[in-house]
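Colleague: Could you show me the model, please? I would like to go through it step by step.

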Amino acid sequence: MQLTVVDHPLVQHKLALLREEDVSTNKFRLLTEELARLLAYEATRDLQLEHRTIKGWCGDVKVQKIKGKKLTVVPILRAGLGMLNGVLDLVPSAKISVVGLARNEETLQPEPYFEKFVGSLDDRLALIIDPMLATGGSMVATIDMLKRNGCKQIKAIVMVAAPEGVKLVNEAHPDVQIYSAALDSHLNEQGYIIPGLGDAGDKIFGTVAKR
Ligand SMILES: O=P(O)(O)OC[C@H]1O[C@H](OP(=O)(O)OP(=O)(O)O)[C@H](O)[C@@H]1O
Ligand SMILES: O=c1cc[nH]c(=O)[nH]1
Ligand SMILES: [Mg+2]
């Protein structure tokens, strides 16, 4: 299975706080950022290292540094922006590629409205960030866009995943590893993850009453 559920106690505790019915916009935003940081730590665990010799305080010292360092973070608008600062805390030099998708509330299909990728995608690891993997349509569309633009190495970081979304991504793009704080039960008739978090975009941006 191409899904890693990060069961670290801090991840699970923060997810529990996010699930509270009366969580405020401010708290939801802060927790999203904190959770993104921890999930990104796991997702970057296998970055390649290279050996170097540097001058230390007592002479030459052998160290390991990240090889290449070419990485792009790909927030899916809007909700993915809520995770961006958390991920950038760990990889401050990463370039940012932005994808705008809105899920049509009736068809549940993603409708693209923005795309701006950094250069040299063929040479970079792309870390897609979006809090919710529901039907998986938005994630598959984003991976399609990245691959069309030459990207070959892609990982996805979400806060909550539904089995339906994991299956769709696995079938369409078995090379893409997904990192999530939870694999929830199912989708309801409106395509919301149960138990999930409700509408993550609305909760991060404070746009409508919470569900
Ligand atoms: O897996 P899917 O069924 O495609 O659904 C998940 C998508 O839905 C949400 O975004 P939404 O389209 O509501 O946009 P928003 O971030 O602007 O709120 C969420 O942030 C994902 O991008
Ligand atoms: O549960 C869901 C599904 C899609 N988008 C959300 O924000 N939440
Ligand atoms: Mg939304």
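Colleague: Which residue is the bridge partner of Leu 77 in β6?

Modeller: The partner of Leu 77 there is Gly 100. This is a predicted model, in which local features need pLDDT of at least 70, side-chain atom pairs count only at pLDDT 80 or more, and totals for chains, interfaces and linings use all residues. Residues are numbered from 1 along each chain as its sequence is written, while chains are lettered from A and ligands numbered from 1 in the order in which they are written.

Colleague: How many bridges join β4 to β6?

Modeller: Two, and β4 runs parallel to β6 (residues 98-103). Strands are DSSP runs of E with at least two residues, helices are runs of H or I with at least four, and both are numbered from the N terminus. Two strands pair if DSSP finds at least two bridges between them.

Colleague: What stands opposite Val 73 in β8?

Modeller: Leu 127 does. Five bridges link β4 with β8 (residues 125-129), and these strands are parallel. In β5, Val 73 faces Ile 96.

Colleague: Is β4 mostly covered or uncovered?

Modeller: Strand β4 (residues 71-77) is mostly covered, with five of its seven residues buried. Buried means that 20 or more other C-beta atoms, placed from the backbone, lie within 10 Å of the residue's own.

Colleague: Changing topic, which residues are around ligand 2?

Modeller: Among them are Met 132, Tyr 192 and Asp 199; a residue counts as near if its C-beta atom, placed from the backbone, lies within 6 Å.

Technical notes: A residue is buried if 20 or more other C-beta atoms lie within 10 Å of its own, exposed if 12 or fewer, and partly exposed in between; C-beta atoms are placed from the backbone.
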